[in-house]
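These are my notebook entries on a single structure.

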Amino acid sequence: MENIKKLLSWDTVLYADCVEFCPFEPYLSIAICGTYQLCESEASRVGRLSLHSIDPDQIDLTPIQLVDSPGILDVKWCRQKSYNQISLAVANSIGQIVVYTFDPDSVIRQQHVQNIGDVDSGRLALSCDWYGGCKIAVSDSKGEVSCLNINNQGPELVGTWKAHDYEAWVASFDRHSDQLIYSGGDDSCFRLWDMRDTTSSVLTNRKAHQMGVTSIETSPVDSNILATGSYDERLLMWDKRHMKNWLSETNLGGGVWKLKWEPVSARHLLAATMHNGFHLVDCLGTSGETSREQLSFEPTIVGSYQEHSSLAYGCDWGRQLSSSGRRTIASCSFYDHSLHVWSWLP
């Protein structure tokens, strides 16, 4: 599509699976990319964080910092500063959440490490998500979900519970409540949990998706909107007040691994779809006039990026526009170990 333009790519060396832009001024150009690779000869999983400064008008992907790590499955910047610091959470292949701080000299420094479950249990931390700057939700390869409180002394594990029969691919906070956590698993199920009582889920849906549920995102703008994605290649939109049936279904032509709402407006979703590249989906909806009326949605794919030659895993929106008004987007793919930056003109 003519509204999509590739700007630059960079070889991450190790297999790339996650990327995210810093959400805080004056560091909006800063992006972090995470990699994961199995070293069969050593029976270990290794990774690396690469920090980049991506100016929309002068693209240069030369990393400003490289940090070796166990294999990295997810990276998330905090949504609010934590104790006046910009923090970054990393989920890794030895079952840890590692919290880094971002310094004014544009480097990250390891601050805290929290093990999820027993050490040497073979557990992988698969995803992480912040609520503000004070809580982190974690999903893992044992089908469990955990919640951490973040304070000056470091992370405090406040709860771990069995959420799914197989891998729990994703755990994400409801953007509008620090007590509500969604989880999705390889058992084709997604659930909603209330932190005040995790002995059973508030909501369980086993029928909407036919394969593993990999991404669950509540709209940061409209507290009633929920998006779910799955290996079954479908993006489903939901009205949280009426969860018996989804509002809309969009086939994205590849297993959905990651969904990201557009900053500020949350009108569009950016989707990483594994074997079918990256897509921009217009999710403009119409709210009912009363709480009893469902939202109306007809999502439309308005742009696609197909320049990667391997599994499309990580993606994020740049928060700065170029001088010509184009939106900058970063994406990364696995076996071709590649980080791309491209632009979109709405």
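**Entry 1. Strands S12 and S13**

I began with the pairing of S12 and strand S13 (residues 144-151), which is antiparallel and runs over five bridges. The model is a predicted one. Within this pair I found Ser-139 opposite Val-145 of S13. I then looked up the sheet to which the two strands belong: it is open, has four strands in the order S11-S12-S13-S14, and is paired in the antiparallel sense. I noted S11 and strand S14 (154-162) at the edges; each has a single partner strand, so one side of each lacks a neighbour in the sheet. Neighbouring strands of this sheet are turned by 20 degrees against each other on average, direction ignored.

**Entry 2. Asp-140**

I looked up Asp-140 next, which lies in strand S12 (residues 135-140). Is Asp-140 buried or exposed? Its relative accessibility is 0%, so I recorded Asp-140 as buried, the cut-off being under 20%. I then listed its contacts, leaving aside neighbours within four places in sequence: Asp-140 touches Ile-116, Arg-123, Leu-124, Ala-125, Leu-126, Glu-167 and Ala-168.

**Entry 3. The sheet S7-S8-S9-S10**

I turned to another open sheet, in which four strands follow the order S7-S8-S9-S10 with antiparallel pairing. From one strand to the next, the twist averages 20 degrees. I checked S7 against strand S8 (residues 86-92) and found five bridges in the antiparallel sense. One residue I traced here was Lys-76, whose bridge partner in S8 is Ala-89.

**Entry 4. Cysteines**

How many disulfides does the structure hold? I found zero. I recall that a disulfide is a covalent bond between the sulfur atoms of two cysteines. The cut-off that I applied is a sulfur pair within 2.5 Å. For Cys-22, the closest cysteine sulfur is in Cys-78, at 7.7 Å, and this is too far for a bond. Cys-22 has a relative accessible area of 0% and is therefore buried.

For Cys-189, the closest cysteine sulfur is that of Cys-147, 20 Å away, again too far for a bond. I located Cys-189 in the loop between strand S16 (180-185) and strand S17 (190-194). Cys-189 is buried, because its relative accessibility is 1%. Which residues does Cys-189 touch, not counting those up to four places away in sequence? I listed His-164, Ser-183, Gly-184, Thr-204, Asn-205, Arg-206 and Val-213. I also recorded a C-alpha separation of 8.2 Å between Cys-189 and Met-211, which stand 22 residues apart along the chain.

**Entry 5. Backbone geometry in loops**

I looked up the peptide bond from Glu-25 to Pro-26 and found it cis, with omega near -5 degrees. Pro-26 is in the loop between S2 and strand S3 (30-35).

I then noted positive phi values in residues other than glycine. Ser-106 has a phi of about 65 degrees and lies in the loop between strand S9 (96-102) and S10. Ala-266 has a phi near 55 degrees and lies in the loop between S23 and strand S24 (268-272). With a relative accessible area of 8%, Ala-266 is buried.

**Entry 6. Cavities**

I searched the whole structure for cavities of 30 Å³ or more and found three. The largest cavity has a volume of about 160 Å³. It is lined by 19 residues, of which Asp-74, Ser-127, Val-170, Thr-214 and Lys-258 are the closest to its centre. Two or more lining residues come from each of S7, strand S11 (125-131), strand S15 (168-173), strand S19 (213-218) and strand S23 (258-261).

**Entry 7. The largest pocket**

Finally, I recorded about 590 Å³ of space in the largest pocket. Which of its 26 lining residues lie nearest its centre? I noted Pro-23, Arg-79, Arg-175, Pro-220 and Arg-319. The elements giving two or more residues to the lining of this pocket are strand S2 (16-21), S7, S11, S23 and strand S29 (312-321).

How values were computed:
Residues numbered from 1 in each chain as written. Predicted model: local features only at pLDDT ≥ 70, side-chain atom pairs only at ≥ 80, totals over all residues. Heavy atoms only, no water. Buried < 20%, exposed > 50% of the residue type's maximum accessible area, 1.4 Å probe, protein only. Contact = heavy atoms within 4.5 Å. Pairing = 2+ DSSP bridges. Axes fitted to C-alpha atoms, helices over the stretch in contact; angles between N-to-C directions. 1 Å grid on protein atoms, 1.4 Å probe; cavity = no way out; pocket = protein on both sides within 12 Å on 5 of 7 lines; lining within 4 Å. Points joined across faces, edges and corners; volume = space filled by probe spheres on them.
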